[in-house]
Amino acid sequence: MPPKPPGRPPASGMVWIPGGSFLMGSDHHYPEEAPAHRVEIPGFWIDRAPVTNTLFQKFVKATGYQTVAERSPDPALYPGARAEQLLPASIVFVPPPGPVGQANHYSWWQYIPGANWRHPEGPGSSIKGRDQHPVVHVAHADAEAYAAWIGKQLPREAEWEWAAWGGGQTGEFAWGDALHPGGVPVANTFQGDFPHHNSRLDGYERTSPVGAFPPNGYGLVDMIGNVWEWTDSWYGPHGSAVAVEQDSSGCCATAEAARREASIDAQSQHGAVPRKVVKGGSYLCAPSYCRRYRPPARMAQGIDTATGHMGFRCVVRPAA
């Protein structure tokens with residue numbers, strides 16, 4: 001039996017994740033997941049599901065908050081940008097009409113003015129009927145603002161990965177060694193010929209309502225697939241030294257600034273923008289393109305970037 005929670009949940013819909021030791025990362029998949037290394041995790045509370053449109057709307061109504069995608073970018077931060085690139089906008093998946101090479105992701109991603117959490121596919125679309133879907137088109141600052149408002153935090157990468165395993169770590173996936181056990185999808189991912197044809201074997205083309213697929217061993221839903229989830233860890237080499245600093249509760253401002261700076265890769269698509277780790281994969285992860293529907297999988301995301309497949313959930317750490 002897992003240890004009992006230290007009292008009542010700090011908020012409804014939160015699940016206690018007992019502390020423990022696990023092998024974080026993987027030596028057998030994408031290079032950024034290596035090396036696998038042992039990490040100790042103290043217990044913490046985590047949201048059972050990603051933050052939904054309904055919950056995010058409550059936040060916006062209470063605070064008047066405007067997301068990054070709803071604001072005009074500061075021209076000083078994007079020298080050389082064209083006028084149309086400085087409009088309130090976000091990145092939307094638009095499947096091409098037929099097969100395309102997978103080397104150029106601009107074949108299916110479009111920067112669409114007017115796309116935001118209220119209009120996930122751009123002007124003319126809405127979240128009507130998607131109340132219980134994860135909120136999308138949230139940049140890191142948006143997720144942080146929601147978490148601060150509700151009295152929570154964003155998870156660290158190691159916390160997120162530990163929770164995603166659901167109390168076990170015995171297969172390639174959180175649920176075992178088969179992507180579709182018995183031929184049945186157990187997470188919202190992409191089936192078919194990516195990126196132009198989604199067969200919707202799992203019943204969904206884009207996001208699905210939270211909890212549409214089975215929970216993991218801790219009772220958490222949508223840790224894998226549906227939407228990528230922000231963490232509060234700066235992206236960097238995935239080694240044991242990095243894992244230690246990511247999971248240290250104490251951190252001085254100088255060290256934090258250094259990690260932020262180290263997360264920048266001017267040669268990446270994010271340019272000079274600092275990057276955070278995102279986890280879990282999304283409805284666009286496909287065996288032929290992105291096998292990141294596994295707990296160890298990770299990706300770098302610029303903190304200024306919002307997309308139609310990016311969401312988040314929150315944690316609460318017990319007082320020391």
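# Close-up views of the predicted model

**View 1. Helix H3 (residues 157-164) lies across S1, S4 and S13, running at about 75° to S4.** The structure is a predicted model, in which local features need pLDDT of at least 70 and side-chain atom pairs count only at pLDDT 80 or more, while totals for chains, interfaces and linings use all residues. Residues are numbered from 1 along each chain as its sequence is written, and side-chain values use heavy atoms, with hydrogens and water left out. Helices (H or I, at least four residues) and strands (E, at least two) are DSSP runs numbered from the N terminus. Contact, here and below, means heavy atoms within 4.5 Å. Axes are lines fitted to C-alpha atoms, for helices over the stretch in contact, and angles run from 0 to 180 degrees between N-to-C directions.

**View 2. Strands S1, S4 and S13 form an open sheet of three strands.** The order is S1-S4-S13 and the pairing is antiparallel; two strands count as paired if DSSP finds at least two bridges between them. Strand S1 (14-17) and strand S13 (315-316) are the edge strands, each pairing on one side only. Strand S4 (residues 44-47) is joined to S13 by two bridges, and these strands run antiparallel. Opposite Ile46 stands Val315 in S13.

**View 3. A four-stranded open sheet has the order S11-S10-S9-S12 and mixed pairing.** Its edge strands, each pairing on one side only, are strand S11 (298-302) and strand S12 (310-311). Strand S9 (residues 228-234) runs parallel to S12, to which two bridges join S9. Trp228 has Met310 in S12 as its bridge partner. Helix H2 lies across S9 and strand S10 (275-279), at about 85° to S9.

**View 4. The axes of helix H1 (residues 53-63) and H2 come within 11 Å and cross at roughly 75°.** The two helices are therefore roughly perpendicular to each other; the classes are roughly parallel under 35 degrees, roughly antiparallel over 145, roughly perpendicular from 65 to 115, and oblique for the rest. On the H1 side the contact is made by Leu55, Phe56, Lys58, Phe59, Ala62 and Thr63, and on the H2 side by Asp142, Ala145, Tyr146 and Trp149. The residues of this contact divide into seven nonpolar, one polar and two charged. Ala, Val, Leu, Ile, Met, Phe, Trp, Tyr, Cys and Pro count as nonpolar, Asp, Glu, Lys and Arg as charged, and the others, Gly among them, as polar.

**View 5. Asp142 sits in helix H2 (residues 140-150).** Asp142 is buried, with a relative accessible area of 0%; buried means under 20%, exposed over 50%, and partly exposed in between (1.4 Å probe, protein chains only). Polar atoms of the Asp142 side chain lie 3.1 Å from the backbone nitrogen of Val68 and 2.8 Å from the backbone nitrogen of Ala139. Leaving out residues up to four places away in sequence, Asp142 touches Phe56, Tyr65, Gln66, Thr67, Val68, Arg71 and His137.

**View 6. His137 and Asn226 have positive phi values although neither is a glycine.** Phi is about 60° for His137 and near 70° for Asn226. His137 lies in the loop between strand S6 (109-113) and H2, and Asn226 is found in the loop between S8 and S9. His137 is buried, at a relative accessible area of 0%. Asn226 counts as buried too, at 0% relative accessibility.

View 7. Pro195 lies in the loop between strand S7 (192-193) and strand S8 (197-198).

**View 8. Strand S2 has a covered and an uncovered face.** Gly20, Phe22 and Met24 make up the covered face, and Ser21 and Leu23 the uncovered one. S2 and S3 run antiparallel and are joined by five bridges. The bridge partner of Ser21 in S3 is Glu40.

Methods:
Polar contact = N/O pair within 3.5 Å; in protein donor to acceptor, adjacent residues only side chain to side chain.
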